[in-house]
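Have the sequence and the 3D view open side by side as you read.

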Amino acid sequence: MADTNPFLPVTSSGYTHLPDESHQTNAPVIRRRRPFKEHLIVVIGLLALGLFVAFIGYKASSNGHVHDNENGSFQALSREPQTNPLVSRGPTTGVSEKANRVRGPKSSQHASRGPAAGVSEKSNLVGNNLRSYPWDISMLSWQRTSFHFQPEKNWMNDPNGPMFYKGWYHFFYQYNPKGAVWGNIVWGHAVSKDLINWMHLPLAIVSDKWYDINGVWTGSATILPDGQVIMLYTGCTNESVQVQNLAYPADASDPLLINWVKYSNNPVLVPPPGINDKDFRDPTTAWLTAEGKWRIIIGSKMGREGIALVYDTNDFKTYEIEGILHAVPGTGMWECVDLFPVSTEESNGLATLANGPGVKHVIKASLDDDRNDYYAIGTYYDKNHTWVPNNPSIDIGIGIRYDYGIFYAAKTFYDQDKERRILWGWIGESDSEAADVKKGWASLQSIPRTILMDRKTGTNLIQWPVEEVESLRVNNTDFDRVEMKAGETIPLDVGLATQLDIIAEFEIDKEALDKAVESNETFSCEGSGGAAERGALGPFGVLVLADETLAEQTPVYFYIVKAKDGFFKTFFCTDKSRSSEATDVNKQIYGSFVPVLEGENLSMRILVDHSIIESFAQGGRSCITARTYPTKAIHEAARVFLFNNATNASVTASLKIWQMDSADFQIYPNDATRQLSVFTSILILAAYLSCIEKFIW
Ligand code: DQQ
């Protein structure tokens, strides 16, 4: 019989006698048998509870990467910054990293590695004596992006080994699993079907051997004609020597390439004679030479001359040094070098092997001295393993940059699925390191960009966000031929304005162009007074992440000057000087000259995703990535405006503005499934044992 008083209050003796038990002390103990139905209910209940708890756990962990899209409810666990105890670290420690450096919790403390160790990861743009700002949780959590690639937490830097393999885009990255500052570097790994929505996988390559114990640094993937994947990466050894190592998938039939094996005879390359132990890193993807060998280049320097060393190999295990592909005096250490072909005739990308008529080669180096990525277009000669620039005055370090904002250590890969070449770039933070530690994360990756030769100018590349990002566009608002008089600012009502894709075209008053006087002055975005400095023909453009009063605003704009030779020169700039009322963030003005051809309108595209603004002028001839950290122009308070600060010209603007949905970030299902199945198995077992025990008298 079932207990009729199961919820009686507990007496002072701690026990309430059941009516028919009190006088049976001498009677043989007969245990009440629960009927089968009751057992069934208990088991099902436990199971349901287990599943529910496991489901909640799974949702929480997978949504941990999904962010508040400003259109719906707050979903992200990881948006809440983790407040870590901060311990100051002064310049006396010899650190060349962020000015107001702080350490994370004990687990994330690391011996800092500046240029002396061969890398200067945190060369900071924030000045030395800036007052720290009292950031609150709401401001810091708002900074996390919603459609840019970010790990769930901690520090990330260079893109590594990107490739398309068995239907998946693979992305590896420099990652500190222990904190939000550079150190303890291993390879994070994620996969995607479309380069926008990602699944985070377990760490791919960790530092567990003498030859990479101080860091699994940057490297590249090569897919051989038979489908084999070769991964070459730089290891920082137990003695902080930079060596090159070989790794390959443990199971090539696994499309996710979860497990990686290190070659037993690593390292495969050590610094050659004449090269400093700490100046030998970042091997490229390999390509086939006319002789049928595989060729790679590795960045280095000799004195102050930046160089790319060339190696040939048959098997990726033993190598011959061929010499120097290219060198530029005075440019310092070349990190993350890249060499790839572009077509001068077609609008598709080229595989790394391509050469011959209609093909030019781009060389790119990340300059450790100024932390910018420079590229130059030229001709690659297979036979004598050299590369010669089209125009020697546009060479590495003295010519064109991928991006005139914050964008570094970029790497391309050939997407054989869509026959395009794609560029990834590391976007660092430009706030204080103390704020990064408070947020619990630091750095993003750019939206991957397709990269092509600009066949119209013949002098530059075209970079454009991959088409897949357009799948996130929602709620389009069009503004057709909005006229702005000189000095006017016009609000654009687009609703929530922290996740946007903006396409804008401008026409400047022809009369004003005709009347413009030639100027002797040389203009530069950085050297100017920014968007507040008025000239006859600019600046004009878009203010993003602006609050209603315009106390905070980030102008993205054009500025036109008539040069001494009578030609107009157009500049594309982003002004961060009023982007935040915070005292401890970088407020540079970024930008460069952008080619505008006869008959072309001025056009720009701006992707806004919380603390990142990626801007592209003239279809991607010039790009500027900015990180901004507003204090007021956040959440619902962020607005968009058009502005024309020219003194003499009116400007007509047409815009298409989309709000952007958030991308989907999942964790590797096996992690979730494992949690779920372990938990439910325990519950089922417990329930089953309890049943058995009750059935056995
Ligand atoms: N980052 C890696 C190096 C590379 C540098 C270390 C560039 O391999 O030279 O994290 O940011």
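## The disulfide

C525 and C573 are joined by a disulfide, with 2.3 Å from S to S (a disulfide here is a pair of cysteine sulfur atoms within 2.5 Å). The structure has one disulfide. The link of C525 and C573 is left-handed, with -65° about the S-S bond. The pair ties together distant parts of the chain, 48 residues apart: C525 sits in the loop between α4 (510–515) and β30 (537–546), while C573 belongs to strand β32 (residues 568–575). Helices (H or I, at least four residues) and strands (E, at least two) are DSSP runs, numbered from the N terminus.

Buried means under 20% relative accessible area, exposed means over 50%, and partly exposed is in between (1.4 Å probe, protein chains only). Two other cysteines to look at are C336, buried at 2%, and C623, buried at 0%.

## What you're looking at

This is a predicted model, so local features need a pLDDT of at least 70 and side-chain atom pairs count only at pLDDT 80 or more, while totals for chains, interfaces and linings use all residues. Residues are numbered from 1 along each chain as its sequence is written, and side-chain values use heavy atoms, with hydrogens and water left out.

## Around the ligand

Which residues are closest to the ligand? They are D158, Q174, R281, D282 and E335, out of 14 residues that surround the ligand (a residue counts as near a molecule or strand if one of its heavy atoms lies within 4 Å of it). By type, the shell splits into six nonpolar, three polar and five charged residues. Four strands each supply at least two residues of the shell: β3 (154–165), β7 (216–223), β16 (334–343) and β21 (408–415).

Now for the polar contacts, meaning pairs of N or O atoms within 3.5 Å; within protein, one must be able to donate a hydrogen and the other to accept it, and residues adjacent in sequence count only if both atoms are side-chain atoms. The side chain of D282 has an N or O atom 2.5 Å from an oxygen atom of the ligand. R281 places a polar side-chain atom 2.8 Å from a ligand oxygen, and a polar backbone atom of T218 is 3.2 Å from an oxygen atom of the ligand. On its own the ligand exposes 310 Å², and the protein buries 100% of that (accessible areas come from the Shrake-Rupley method with a 1.4 Å probe; for residues, only the protein chains shown count as cover).

## S220 and its contacts

S220 is found in strand β7, and S220 is buried at 2% relative accessible area. What does the side chain of S220 reach? It reaches the backbone oxygen of P283 at 2.7 Å. The S220 side chain also makes a polar contact with the side chain of K411, at 2.8 Å.

## Strand β18 and its partners

Strand β18 (residues 372–381) is mostly covered, with eight of its 10 residues buried. β18 runs antiparallel to β17 (residues 359–367), and seven bridges join the two; two strands pair if DSSP finds at least two bridges between them. I363 stands opposite A376 in β18. The hairpin of β17 and β18 has four residues between the strands, and R371 there takes a positive phi near 55°.

β18 is also antiparallel to β19 (residues 386–389), through four bridges, with Y380 and W387 as bridge partners. In the hairpin of β18 and β19, again with four residues between the strands, H385 has a positive phi near 45°. Two bridges join β18 to β20 (residues 400–401), also antiparallel, and here Y374 partners R401.

## A six-strand open sheet

An open sheet runs in the order β23-β3-β4-β5-β6-β39, with mixed pairing. β23 (441–442) and β39 (665–667) are the edges, each with a single partner strand, so one side of each has no neighbour in the sheet. Within the sheet, β3 and β4 (residues 168–176) run antiparallel and share seven bridges. W155 stands opposite N176 in β4.

How values were computed: Ala, Val, Leu, Ile, Met, Phe, Trp, Tyr, Cys and Pro count as nonpolar, Asp, Glu, Lys and Arg as charged, and the others, Gly among them, as polar.
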